[in-house]
Amino acid sequence: MAFLGTGLMGEPMVRRLLQAGYSVTVWNRTLSKAQVLCVAGASVASTLVEAVDGADVIISMLEAGPVVQQVMQQAMPGMADGALWIDMSSTKQAEAQQFHATLQAAGLRFIDAPVSGGVGGAQAGSLAIMAGGNPDDYAQVETLLTAMGRPTLVGPAGSGQVAKLCNQLIVGATLNIVAEALLLAQAAGADATAVRAAIRGGFAESRILEVHGQRMLERNFVAGGQVKSQIKDLHNVLAAAEAAKLALPVTELVTQRYETLADTHPTADHAAALLALEALNPGQRLGREPDRF
C-alpha cells in the first residue's frame, strides 16, 4: 500500500501499519519527514507517482481538502485499475463526495475515513475511525484500518466526514465548557484541581475533562490537536449545517471563541480555549504554572 502524508498524525499511523506486518510505501511533500520511517521498515518514494505505482490501497493523511484534491489529481494517472483510495484527512463532506465521484469516473474506488484521538491515539493505535463508502470496499480494508484504531462504517461516501464533524463539534464545545468550569471553580474560591477530581466519575466525566482538564491545570498547550485545525473543522461543521439547512447557535459561538486565538496561538493545543476565556476575564488566570507551548 501507499501512505501519503507523514506529518504529525501520519507518521505514527504508518508505524502502526508496519508493526501489524503491512508493507508500506510512504511519500511526503517534505521528503525528510518520510525518510525517518525507513528505519521502521517503510519504503520511501521520492515522487508521488512512484508511491502509488502498483498500490492496491492508497491512504492519504493530508492538511485539508484542497491539498487532497491536488495530490489526488497528480496521483491518478499512476494508479492501478480498481485501486482503493482511503482519505483519512479532515475535509468537507462535499469535498469527500467529489473525491468519490472523480475516482469512480476513472474506475477507481474511494472511502473517506477521518480520525479522532490525536497524536496519542495514533501512537497507541486507538484512533476512532469514521468511514464512509461502499460496504464491500470497507470490508476489504476493515482489518487494515483496525491496525490504526477502531473503524466504523457510518454510511456512504462523505458520511465519514459528517461523523468527524459531529465529533469535533462535541470536542470543541466541551473544551470551552471545561475551561469555564475550572476557571469558575478557582474564581469562586474553590481548589480547581480538587473540583476536577470531585466531579470525575459523575455525569460530567469525559475524555476532555480527563486529558484536557489536566492540561489546562498544568497550562500545557503543547500541541496535540491544534487551534488552527479546530477552527478549520468548526468552519466545516457550519458549512455542513448550512447545506442541511440547520442553525447551530452553540457551534457558532464556539467557533467565534477559537477564532480569537487564530492570530496569537494558531499552533497551540486546542486546550488553549482556556486562554481565550482568560482574555475575556482580565485578572483571572487558572493556576500558577507558566504557560507551555
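The part I have in mind is G54: where is G54 found, and is it buried or exposed?

Modeller: I will start with the residue and then widen the view. This is a predicted model, in which local features need pLDDT of at least 70 and side-chain atom pairs count only at pLDDT 80 or more, while totals for chains, interfaces and linings use all residues. Residues are numbered from 1 along each chain as its sequence is written, and side-chain values use heavy atoms, with hydrogens and water left out. G54 lies in the loop that runs between α3 (48-52) and β4 (57-60), where helices (H or I, at least four residues) and strands (E, at least two) are DSSP runs numbered from the N terminus. Although G54 and A2 are 52 residues apart in sequence, their C-alpha atoms are 9.1 Å apart in space.

Turning to the whole, the protein has 13 helices and nine strands. Its radius of gyration, taken over C-alpha atoms, is 20 Å, close to the 19 Å that the globule rule (2.2 Å times the number of residues to the power 0.38) gives for 293 residues, so the protein is as compact as a globular protein of that length. Along the principal axes, its C-alpha atoms fill a box of roughly 65 × 45 × 35 Å, and 47% of the 293 residues count as buried. Of the contacts (heavy atoms within 4.5 Å) between residues at least 6 apart in sequence, 65% join residues at least 24 apart.

Key:
Buried < 20%, exposed > 50% of the residue type's maximum accessible area, 1.4 Å probe, protein only.
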